[in-house]
Amino acid sequence: MTRLVPLAAVALLAIVGPVPGAASSPSAPAAVRLQDVAGKTGLDFRHGAFRFGISADPVAMLGGGLCWLDYDRDGWLDLFVVNSYSENELTDWQRRGGLPRSALFRNVRGRFVDVSRRAGAGLALRGMGCVAADLDADGDSDLYVTAMGRSALLWNRGDGTFREGAAAAGVGATGWRSSAAVGDVNGDGRQDLYVGGYTDLNTPIAGSSSGFPLNHAGVRDLLYLNLGRGRFREVGRQAGLEAARFDHTLGAVFSDLDRDGRLDLYVANDGDPNRLYENVAWPGGTRSDPDRVGFRFEERAGSAGAADPNAGMGIAEADADGDGLADLFVSNSRGQRHAVLNGQPAGKNGASFADGRPGFAAAFGQSFTGWGVAWPDLDLDGDPDLVLANGSIPVTSLVRSAQPLQVLENRAAQGAPRQFVDGGATGLPRVVGRGLAVADYDNDGHLDVAVNSVGGRLLLLRNTATGGNWLEVALDGLHPGARVTVVLPDGRRRS
């Protein structure tokens, strides 16, 4: 999941103590309370996989993601949800009126209306992930949707409708595409697009003793430079992506991890070591050279202490320990410890990370498979908490493969290491969790959580915590990669 930075970007920061101009309630930290309100708010969506029975379909088992965006610019965040289906159920769906489609729900002051059909956003894809961003700098948030087969680009027309235009824009990626991330990697003020490749089901590796997906060839990751006027150019190979081999990518995030002013890329791989691509200046030839990109990604995960070798799924990025440096959380499969990478001051070789898992030891466990993850401040105490969607793979039953959502509260103590403890997300349904996205959908200052699942109903977990303060910041104009920093009365900085 990546950050959305539209024309009028809004940042919601949790603040402890009084802040002039901030919405305010008693400043004591709030207890985390999440309540599923999807049905009450009009979010009638069920993921289409395995509706007529379980099959050994790895594409359907990976489920789908979801994106928050204000597509109509009314100040209320809308929700786009990716759908999919099992290949052997194609005929069943067609007999019943058509394939499952992605859904766009318009937020009408905290209640949702399905506008998928009239907005042109109801894609019939074996979808995977999505990213929302203003890719053509017209002030409206567009959508890129990854899928098995051909991915899609929904251009926001600004009149409440979308137009599919991936092929015409040069971003019609084929094959099994898992994730997407957006950021201005070459500093030209336009937002560029990374698209992760997962597994080539048509290319099994002869003699491989590995399990799926490592017994099949990986799919090359793609990097599309934004040329303006709705056109892109793919430069992944020239920029240095996957120079040695094609990995099996599931998650990706752009962030300035070494704080040099250029966006780096961190990639979570399923069974391959994770990758850290640091963005370095690189002339790449003369201006007449068509391969000139002006920068290069150098892979430095090993030297940075960030090459986790496990089955990486989702990624969350935040300054979780309050030292001003980006930290990373990568969810892993059952029986593996999730990766927690605490950012360290950059050295001569770039970004560096320390193992932050000891602070999670009491809350982790290894019986769940983690997927979508985020680092929101749920209790508004000024420190990011962690929320994680879990669900078994392979999926053998929509009941038996369901797992609980985990909420881990950040217990900060002055001068002591951070400790994360079970936040007690009780009373929530167990699901075969996959995609997770966080936003303040009802504009009450508290961050809420939406979860998509394999074959299950969409969850909208409303945060009913009380207390705490927040500050909302609007940026005037398009500022890809903008960073907002707030200095608290006691000198602490939050960004």
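**Notes on side-chain contacts in this model**

1. The side chains of R245 and D247 meet in a salt bridge, at 3.2 Å from N to O (a side-chain nitrogen of Lys or Arg within 4 Å of a carboxyl oxygen of Asp or Glu). R245 has a relative accessible area of 37% and is therefore partly exposed, whereas D247, at 1%, counts as buried. Here buried means under 20% relative accessible area, exposed over 50%, and partly exposed in between (1.4 Å probe, protein chains only). Through shared partners, salt bridges join R245, D247, R275 and E299 into one network.

2. A word on the basis of these notes: this is a predicted model, in which local features need pLDDT of at least 70 and side-chain atom pairs count only at pLDDT 80 or more, while totals for chains, interfaces and linings use all residues. Residues are numbered from 1 along each chain as its sequence is written, and side-chain values use heavy atoms, with hydrogens and water left out.

3. How many salt bridges does the structure hold? The count is 18. One of them pairs D57 with R126, at 2.7 Å from N to O. This pair links distant parts of the chain, with D57 in the loop between α1 (38-41) and α2 (58-61) and R126 in strand β8, 69 residues apart. Helices (H or I, at least four residues) and strands (E, at least two) are DSSP runs, numbered from the N terminus. Both D57 and R126 are buried.

4. For a charge to sit over a ring, NZ of Lys or CZ of Arg must be within 6 Å of the ring centre and within 35 degrees of the ring normal. R434 provides another case: its charged end sits over the ring of W371, 4.0 Å from the centre.

5. A further salt bridge brings the side chains of R106 and D72 together at 2.6 Å, N to O. Because R106 lies in strand β6 (residues 103-108) and D72 in the loop between β4 and β5 (78-81), the pair ties together parts that are 34 residues apart in sequence. R106 counts as partly exposed at 29% relative accessibility, and D72 counts as partly exposed at 23%.

6. Now to the disulfide, of which there is 1 (cysteine sulfur atoms within 2.5 Å). C67 and C130 form this bond, with their sulfur atoms 2.2 Å apart. Since C67 lies in strand β4 and C130 in strand β8, the pair ties together parts that are 63 residues apart in sequence. The torsion about the S-S bond of C67 and C130 is about 130 degrees, so the disulfide is right-handed. C67 and C130 are both buried.

7. Which residues touch the most other members of the largest nonpolar core? Of its 19 residues, these are L69, F80, L104, L143, V145, L154 and F162. The strands β4 (66-69), β8 (126-133), β9 (142-150) and β10 (152-156) each supply at least two residues of this core, and β9 gives the most, with 3. A nonpolar core is a set of buried Ala, Val, Leu, Ile, Met, Phe, Trp, Tyr and Cys residues joined through side-chain atoms within 4.5 Å.

8. Leaving aside neighbours within four places in sequence, F80 is in contact (heavy atoms within 4.5 Å) with L66, C67, L69, S102, A103, L104, A121, C130, L143, V145 and L154.

9. The structure holds 12 aromatic pairs. In one of them, the ring centres of W176 and Y198 are 4.7 Å apart and the planes stand at 80 degrees, so the pair is edge-to-face. W176 is in strand β12 (residues 174-183) and Y198 in the loop between β13 (192-197) and β14 (199-204), 22 residues apart. W176 counts as buried at 1% relative accessibility, and Y198 counts as buried at 1%. Rings of Phe, Tyr and Trp (its six-membered ring) pair if their centres lie within 6.5 Å; planes under 30 degrees apart count as stacked, over 60 as edge-to-face and the rest as tilted.

10. Y198 also pairs with F212: the centres are 6.4 Å apart and the planes at 75 degrees, so this pair is edge-to-face too. F212 lies in the loop between β14 and β15 (216-218), so its pairing with Y198 ties together parts that are 14 residues apart in sequence. At 38% relative accessibility, F212 counts as partly exposed. Elsewhere, ring pairs link F329, F360, W375 and F420 into a cluster.
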